[in-house]
Amino acid sequence: MKRQRRNTILYLLTAVALVMTSCNRLPLYSHYEPIDMQGWQQTDSVRFVVPLKQAGTYQVKMHVRATSIYPYTELTLTIHQKSPVDYTERINLDINNDEGSTSNEGYGINDYSATLHDVVATHDDDTLAIAIAHGMARELLPGIADVGITVNIER
């Protein structure tokens with residue numbers, strides 16, 4: 001009886017340890033900014049400022065939520081990171097299917113994402129500053145609901 005109880009406790013502790021060390025860790029930072037559904041102005045950048053408490057390498061993902069009124073099959077975005085390293089990057093996302101409508105099957109909003117380059121923070125208390133704007137020919141771009149980023153520390 002004691003042996004069975006000890007084995008049960010050992011199994012429970014092992015299960016808890018596995019859950020605690022799983023690969024699904026929460027992001028250090030995750031935030032979306034809403035976009036006016038009437039249209040996203042080409043000159044309106046969505047800005048994110050993320051304090052990085054410790055030096056290290058961070059993975060940054062950019063996210064877009066698009067609705068069925070988005071009129072194109074792709075979305076071009078310009079990402080400008082100002083800190084800790086200054087760089088600009090253009091990303092093209094496939095948004096729609098070949099018929100020209102979002103692939104959300106009438107459910108409203110679809111999520112799209114792309115991984116940006118790794119950010120190396122060389123000092124403690126650095127700040128990650130990113131601005132995202134659309135790079136489409138149309139000045140007022142309808143159908144984009146939200147733009148966001150997530151930041152994870154690489155281990």
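This is a predicted model: local features need pLDDT of at least 70, side-chain atom pairs count only at pLDDT 80 or more; totals for chains, interfaces and linings use all residues.
1. Confidence comes next. The protein has a mean pLDDT of 82, and 75% of its residues reach 70 or more. Residues 18-22 stay under 50 in pLDDT, and the model gives this stretch zero contacts beyond four places in sequence. Residues 99-104 also have a pLDDT below 50, but there the model has 16 contacts beyond near neighbours in sequence.

2. How many salt bridges does the model contain? The count comes to two. One joins D111 to R65, with the closest N and O atoms 3.1 Å apart. D111 lies in strand β7 and R65 in strand β4, so this pair ties together parts that are 46 residues apart in sequence.

3. The side chain of R65 also meets that of D146 in a salt bridge, at 3.6 Å from N to O. This pair links distant parts of the chain, since R65 is in strand β4 and D146 in strand β11, 81 residues apart. Side chains of opposite charge can pair when their charged atoms come close.

4. The largest nonpolar core has 34 residues. Which of them have the most contacts inside the core? They are W40, L75, L77, L93, I132 and I144. Strands that each supply at least two residues of this core include β3 (46-52), β4 (56-67), β5, β6 (87-94) and β7 (109-115). β8 (119-121), β9 (126-134) and β11 (144-153) also each supply at least two. In soluble globular proteins, nonpolar side chains tend to be buried together.

5. L75 shows what one of these core residues touches. Leaving out residues up to four places away in sequence, L75 touches V64, Y70, I91, N92, L93, I95, H134, M136, L141 and I144. Among these, L93 and I144 are also listed with L75 as core residues with the most contacts.

6. T76 is found in strand β5, which covers residues 74-83. With a relative accessible area of 12%, below the 20% limit, T76 is buried. Which side chain does the side chain of T76 meet in a polar contact? The partner is the side chain of N92, at 2.5 Å. Apart from residues up to four places away in sequence, T76 touches R90, I91, N92, A133, H134, G135 and M136.

7. Two backbone details deserve a look. The peptide bond from S83 to P84 is cis, with omega near 0°, and P84 is found in the loop between β5 and β6. D125 has a phi near 65°, a positive value in a residue other than glycine. D125 lies in the loop between β8 and β9 and, at 59% relative accessibility, counts as exposed.

Definitions and conventions. Residues are numbered from 1 along each chain as its sequence is written. Side-chain values use heavy atoms; hydrogens and water are left out. pLDDT is the predictor's confidence in each residue, from 0 to 100. Contact means heavy atoms within 4.5 Å. Helices (H or I, at least four residues) and strands (E, at least two) are DSSP runs, numbered from the N terminus. Buried means under 20% relative accessible area, exposed over 50%, partly exposed in between (1.4 Å probe, protein chains only). A polar contact is a pair of N or O atoms within 3.5 Å; within protein, one must be able to donate a hydrogen and the other to accept it, and residues adjacent in sequence count only if both atoms are side-chain atoms. A nonpolar core is a set of buried Ala, Val, Leu, Ile, Met, Phe, Trp, Tyr and Cys residues joined through side-chain atoms within 4.5 Å. A salt bridge is a side-chain nitrogen of Lys or Arg within 4 Å of a carboxyl oxygen of Asp or Glu.
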